[in-house]
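Subject: Handover of a structure, with notes on its helix packing

Dear colleague,

I am passing on the structure below, and I would be grateful if you could read it alongside the notes that come after it.

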Amino acid sequence: MTDAALTLRQVRFEQKQFFRNPASAFFAMVFPVMFLVIFGSINRSSTIATLQGIAFNQFYVPAIIAFGVIGATYTNLAIAMSIRRDLGVLKRMRATPLPAWVFISGVIGNAIVVSLILTVLTTVIGTLFYGVSVPERELGLAIDVVVGALVFCALGLALATVIPNGDAAPAITNFTLLPVVFISGTFGYIDPSSTISRIADLFPVKHFNQAVFAAFDPHGSGIGVSWRDLAVMGIWGVFGVVVALRNFRWEPRRG
């Protein structure tokens, strides 16, 4: 079997495992849609004056896409890999003939597939029920989502290396993510000149929100890619890769 075929097979295995886990699939697929329905319905008639008066949901749907992708990558990988390591699954996997890079590629490939499904689902719901217009920037949106998924996969794997055990994984993951999500304007527009927004500039979540919004911005131009935001995210991605490569453990921590 070629490397490509082996990797695709591992992605399919990870897909089956993901969708056969109701809790994992629920939080990854339903949670973002639930937030879209709640906040989208509450702010259906709202506009954002500082964004040339665009509808709130035209801004909010891209933010929820980014939020869903982060959940499918960063959150899911950090928790799942910590639990697998704690249960000895990673140790047994390492003892098989399957190359380590194929296993990791399968995990990342599954996360990207789920991210793309979430993007389509959220966009369709926003278009059908919340009046969101989708400019012809599908290529830009795909680039934004794939880059974002890769970056947050790297960060999720990096976080898994510092989580002590599976029981602590959900708490630590949410502690590192939720405050940044809120200050990054995911659930409501934040003035870019505010102190909170300037703090959020240091983290990749806000830049991911802005990158995806570039594909939905009715006043935007080009293919819908914010290269500056992707560059900042790329720096964080490199940081995640370095940490993951240096500290990744296949066996549970002793003691």
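Predicted model: local features only at pLDDT ≥ 70, side-chain atom pairs only at ≥ 80, totals over all residues.

Residues are numbered from 1 along each chain as its sequence is written, and side-chain values use heavy atoms, with hydrogens and water left out.

Helices 2 and 3

Helix 2 (residues 22-42) packs against helix 3 (residues 56-86) at an angle of about 160 degrees, and their axes are 10 Å apart; helices here are DSSP runs of H or I with at least four residues, strands are runs of E with at least two, and both are numbered from the N terminus. Axes are lines fitted to C-alpha atoms, for helices over the stretch in contact, and the angles between N-to-C directions run from 0 to 180 degrees. That angle makes helix 2 roughly antiparallel to helix 3 (under 35 degrees counts as roughly parallel, over 145 as roughly antiparallel, 65 to 115 as roughly perpendicular and the rest as oblique). The crossing of the two is right-handed, a term used when the near helix is turned clockwise from the far one by less than a right angle, anticlockwise being left-handed. On the side of helix 2 the residues that meet helix 3 include Pro32, Phe35, Leu36 and Phe39, and their counterparts in helix 3 include Phe56, Tyr60, Ile64 and Phe67, where contact means heavy atoms within 4.5 Å. By class, this contact has 9 nonpolar, 5 polar and no charged residues (Ala, Val, Leu, Ile, Met, Phe, Trp, Tyr, Cys and Pro count as nonpolar, Asp, Glu, Lys and Arg as charged, and the others, Gly among them, as polar).

The largest nonpolar core has 46 residues, of which Phe152, Phe208 and Phe216 touch the most other members; a nonpolar core is a set of buried Ala, Val, Leu, Ile, Met, Phe, Trp, Tyr and Cys residues joined through side-chain atoms within 4.5 Å. Buried means under 20% relative accessible area, exposed over 50% and partly exposed in between, with a 1.4 Å probe and protein chains only. Several helices each supply at least two residues of this core, including helix 5 (100-129), helix 6 (138-160) and helix 9 (204-216), and helix 3 gives the most to it, with 13 residues. Not counting residues up to four places away in sequence, Phe152 touches Ile70, Thr73, Tyr74, Pro204, Val205 and Phe208. Apart from this core lies another, of 15 residues, among them Leu77, Met81, Leu98 and Ile104.

Helices 1 and 5

The axes of helix 1 and helix 5 come within 8 Å and cross at roughly 55 degrees, and these helices are therefore oblique to each other, with a right-handed crossing. By class, the contact of helix 1 with helix 5 has 11 nonpolar, 7 polar and 2 charged residues.

Gln10 is buried, with a relative accessible area of 8%, and, leaving aside its neighbours within four places in sequence, is in contact with Leu98, Val102, Phe103 and Gly106. Gln15 is buried as well, with a relative accessible area of 18%, and touches Asn110, Val113 and Val114 on the basis of not counting residues up to four places away in sequence.

Two loop residues

Ser226 lies in the loop between helix 9 and helix 10 and is buried, with a relative accessible area of 17%. Gln52, in the loop between strand 1 (47-48) and strand 2 (54-55), counts as exposed at 60% relative accessibility, and its phi is near 60 degrees, a positive value in a residue other than glycine.

With best regards
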